[in-house]
Amino acid sequence: MKKTVISIIAIYLMCSCHNKPDYDATGIFEATTVTVAAETNGKITAFDIDEGDQVQAGMSVAVIDTALLVLQQKQIQYRQSSTESSSPDVAAQAASLRSEIAHQQRECERIGRLLADGAATQKQSDDASATLATLRARLEALLSTLNKNKSSIADNAIALQYQKEQIDEQISKSIIKAPVTGTVLAKFAEAGEYASMGRPLFKIANLSDIYLRSYFTANQLADIKIGQKVTVIADFGGDEQYEYPGYITWIAQESEFTPKSIQTKDTRANLVYAVKIAVKNDGRLKLGQYGEVRL
């Protein structure tokens with residue numbers, strides 16, 4: 001009887017040890033994805049990528065028709081050139097009046113000498129001075145008008161330059177480039193379709209550097225910190241598992257209810273803290289795949 005009891009206890013302990021989980025948390029593999037949208041309106045003339053393709057940051061992957069933008073650009077360039085050429089030549093237009101003023105200045109000096117010798121009257125001197133003052137007033141008014149016109153034309157030319165730069169920017173944005181190096185996860189449009197501003201075109205993610213979003217209970221928080229190295233176990237179904245080195249990059253500041261798809265070491269825990277663990281992907285890991293963490 002005593003041997004039977006001991007055997008039962010031994011079997012129970014073995015089963016308990018066998019059922020004890022060999023991990024501290026579980027989660028799902030994720031990656032930072034970028035959804036690229038159109039920034040201009042127009043027909044997609046080229047879209048040379050497919051789902052699963054590898055692209056490099058800055059690589060041109062699509063082109064939106066720029067024919068109308070190019071015509072607008074040429075129109076603005078013509079208006080800008082015409083506006084700048086209409087700017088008045090202040091020196092040339094004032095030259096004649098300056099010459100008259102110089103001549104009248106000499107006339108005033110001549111009459112002044114005659115007046116001193118008694119060969120001219122005071123009225124002649126006053127009339128010459130008045131004429132000189134009138135000419136100077138005319139020159140001042142002319143210069144003011146010409147400078148205002150020149151300033152206004154310059155402002156218009158600058159405004160046209162800004163319009164041209166806006167068109168240039170729109171043309172530049174019509175060439176869609178990959179924002180990061182990664183894999184095309186989804187493609188939302190095809191060549192020949194019409195793209196409107198803000199319409200998603202494709203989604204991309206760097207699958208070389210992914211992370212496991214795992215969940216830890218409040219009791220486990222004391223055992224983890226940012227930068228800590230851990231072991232990530234990828235589950236491929238059955239007994240096929242692979243271990244990867246990882247390190248903690250982020251710990252949530254607030255708890256949340258345990259997601260239905262997540263198991264915790266303490267099955268009684270209702271609230272958990274999300275944690276991101278960076279993992280270097282060797283090509284086997286897939287987004288949405290189940291994984292475990294061992295501290």
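Author: Gladly! Angles under 35 degrees count as roughly parallel, over 145 as roughly antiparallel, 65 to 115 as roughly perpendicular and the rest as oblique. Before we use that, note that this is a predicted model, where local features need pLDDT of at least 70, side-chain atom pairs count only at pLDDT 80 or more, and totals for chains, interfaces and linings use all residues. Residues are numbered from 1 along each chain as its sequence is written, and side-chain values use heavy atoms, with hydrogens and water left out.

Reader: How many helices and strands does the chain have?

Author: There are 4 helices and 15 strands; these are DSSP runs numbered from the N terminus, helices being H or I with at least four residues and strands E with at least two.

Reader: At what angle do helix 2 and helix 4 pack?

Author: Two packed helices are described by the angle between their axes and the distance between the axes. Axes are lines fitted to C-alpha atoms, for helices over the stretch in contact, and angles run from 0 to 180 degrees between N-to-C directions. Here helix 2 (residues 67–85) meets helix 4 (residues 122–173) at about 165°, with the axes 9 Å apart. Helix 2 and helix 4 are therefore roughly antiparallel. Residues making the contact include Leu69, Ile76 and Thr83 of helix 2 and Ile153, Leu160 and Ile167 of helix 4, where contact means heavy atoms within 4.5 Å.

Reader: Which classes of residue make up the contact of helix 2 with helix 4?

Author: That contact has 8 nonpolar, 9 polar and 4 charged residues. Ala, Val, Leu, Ile, Met, Phe, Trp, Tyr, Cys and Pro count as nonpolar, Asp, Glu, Lys and Arg as charged, and the others, Gly among them, as polar.

Reader: And how do helix 3 and helix 4 cross?

Author: The axes of helix 3 (residues 90–117) and helix 4 come within 9 Å and cross at roughly 165°. That makes helix 3 roughly antiparallel to helix 4. Their contact has 14 nonpolar, 9 polar and 5 charged residues.

Reader: Now the side chain: is Asn281 buried or exposed?

Author: Buried means under 20% relative accessible area, exposed over 50%, and partly exposed in between (1.4 Å probe, protein chains only). Asn281 counts as buried because its relative accessibility is 15%. Across the chain, 32% of the 295 residues count as buried.

Reader: Where is Asn281 found, and which residues does Asn281 touch?

Author: Asn281 lies in the loop between strand 14 (271–280) and strand 15 (290–294). Not counting residues up to four places away in sequence, Asn281 touches Leu207, Ser208 and Ile210. The Asn281 side chain also reaches the backbone oxygen of Leu207 at 2.9 Å.

Note on methods:
A polar contact is a pair of N or O atoms within 3.5 Å; within protein, one must be able to donate a hydrogen and the other to accept it, and residues adjacent in sequence count only if both atoms are side-chain atoms.
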